[in-house]
Amino acid sequence: MEMDKLVALCKRRGFLFQSSEIYGGLNGFWDYGPLGVELKRNIKDAWWRDMVSGHDELAPPPGAPESYEMTGLDCTIIMHPQVWKCSGHYDLFHDTMVDCRESKKRYRIDQMRGRWVAVKLPGGESGLAAEKAAEVERLGRLFIVSDAESPEAAVEDTVTRACQVLGIRKKKAEDSFTWESTAVVGIDAKVDRSRVLAPHATWFGTLTEPREFNLMFSTQVGAAASDDARAFLRPETAQGIFVNFKNVLDSTRVRIPFGIAQIGKSFRNEITPRNFTFRSREFEQMEIEFFCHPDSSFQWYQYWRDRRMKWYTDLGLAGARLRLREHHADELSHYSTGTADIEYAFPFLPEGDFGELEGIAHRGDFDLRSHMEGKLDPKTRPLQLEMGPDGKPRHRGSGKDLSYLDQLTNKRYIPHVIEPSAGADRATLAFLCEAYCEDQAPDDGGQMQTRVVMRFHPRIAPIKAAILPLVKKDGMPEMAQELYRTLKRHCNVFYDEKQSIGKRYRRQDEAGTPFCVTIDGQSLQDGTVTLRDRDTLKQWRLKADEALTEIRQRVQ
Ligand code: GAP
């Protein structure tokens, strides 16, 4: 599937719009349109139902070491600044970036990809002014950076840009320089920046020195503009759960093992937001912090990893584009005995590449301990606080006891945490990519035509059924509206009487509506309607008052 087609459909049919579009848009921010909001809401509802309210419908959950409880939370976006100091985000949540003085664009150094070239300008042919030609001769080796998405496009782009900047015709490229790397390669912070041609620059050496850039958005709380009033928009929902661990224990009857779930907005000032909604600056997360005894934590990790993978496959990401990737031991944090990513081969990525949908991490007791005692130094763990220059612990924790007393054994311990952390927007994007399909279907005259159809799993489809009178007369609209009003009380249905029936079917196919209910002349005589299946295109008659039961059964 070509990504451009999906992006166009999302705009045309109201799944996704660029934020503040009438003012030129704001990079990294997206709005969900009328269909998009229903799709994303259905995904979040499915997650909440399957992970929280209905998690034990098939008790005990298959694969779980024992039965468990789940509960929910909804925490604030702005929290006490100390939360971020103890979580590590204040000190460690940053990317290394460089600015381009010419284009004023900012780049993550780890994302700068290009090719090294050794230049030998042919005398008099380059068309460069003498001092520029001398500078190129002096530099000799140059690094041409591209921001093209695919490696093949980037290779082509580097040739074009090298020729442009050196004033050489493309045909002469081979006489004028030799590529040191045939493929695009990364650049590290140590490379002499005077040799680098940035993606939107017209000459070399426009990049600044690399510097650390914290990804948290900051704001002021209250009227004072002092440092004390500085606060942050949360970069993850997880910390709200950790700091409420004791509140949940004290206010409910949950006992370990149990999980706390939260769905909510998170904010990251990403340096290079890209790939549609994949890397946004404002996005929604669906996170679970699952608290368990250290002895069974590895089994719980395996349980959640498999359960979360199954959730995506059950909702339709069943093919080879979805994979579960266990991190290698050397990728793991010091406190973790396991981390896995659920990844999807998004069509905007180079062939063979996968993008993260969700991470499932074994976090040990790191988070609860950090909020008790202060941020721990990974190397000197356990129980050694990181000291500031004044010899005092740098980031003190809350000082509150966040341990757990097991009433059966009367033993106290700090629970271990398994964290399945998913992005609602990335899941929505993956379901959109997976659903997009072009096939052949008959038009009003029975001729086969190419149609665009979004094959969403019925559970997440924005509209479950469209109610369509065959023509706008003879009592058909009245009967259709009555059915519409009945069905509307139970699920999201859509009434449409404009245009030919074929065109209305196409519109519903593009919206991903799994069923169309058509009311025709026979309906008025015998009370039956036609049900049309979006994917098989099969149509069959049934009593109008059986339509609701039939649709509900098929939507589950
Ligand atoms: N509490 C752990 C945590 O936040 P993460 O891997 O940084 O871990 C979890 O984020 C998930 O949130 C990712 O797998 C992804 O689905 C989503 N996510 C992270 N950054 C995002 C961004 N800039 N835009 C959209 N989704 C993002």
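How far is a nitrogen atom of the ligand from an N or O atom in the side chain of Glu-270? The distance is 2.8 Å, a polar contact (here, a pair of N or O atoms within 3.5 Å). This is a predicted model, where local features need pLDDT of at least 70, side-chain atom pairs count only at pLDDT 80 or more, and totals for chains, interfaces and linings use all residues. Residues are numbered from 1 along each chain as its sequence is written, and side-chain values use heavy atoms, leaving out hydrogens and water.

A polar side-chain atom of Arg-268 sits 2.8 Å from one of the ligand's oxygen atoms, and a polar backbone atom of Phe-278 is 3.2 Å from a ligand nitrogen. Of the 550 Å² of accessible area that the ligand has on its own, the protein covers 89% (Shrake-Rupley method, 1.4 Å probe). In total, 17 residues surround the ligand, each with a heavy atom within 4 Å of it.

Now look at the strands (DSSP runs of at least two residues; helices need at least four). Strands E15 (282-292), E18 (355-364) and E21 (416-423) each give at least two residues to the ligand's shell. These three also belong to an open sheet of 7 strands, ordered E3-E14-E15-E21-E18-E17-E16 with mixed pairing; two strands pair if DSSP finds at least two bridges between them. Strand E3 (69-72) and strand E16 (322-326) are at the edges with a single partner strand each, so one side of each has no neighbour in the sheet. Strand E14 (residues 258-267) runs antiparallel to E15, joined by 10 bridges, and Ser-266 stands opposite Phe-283 in E15.

Note on methods:
Polar contact = N/O pair within 3.5 Å; in protein donor to acceptor, adjacent residues only side chain to side chain.
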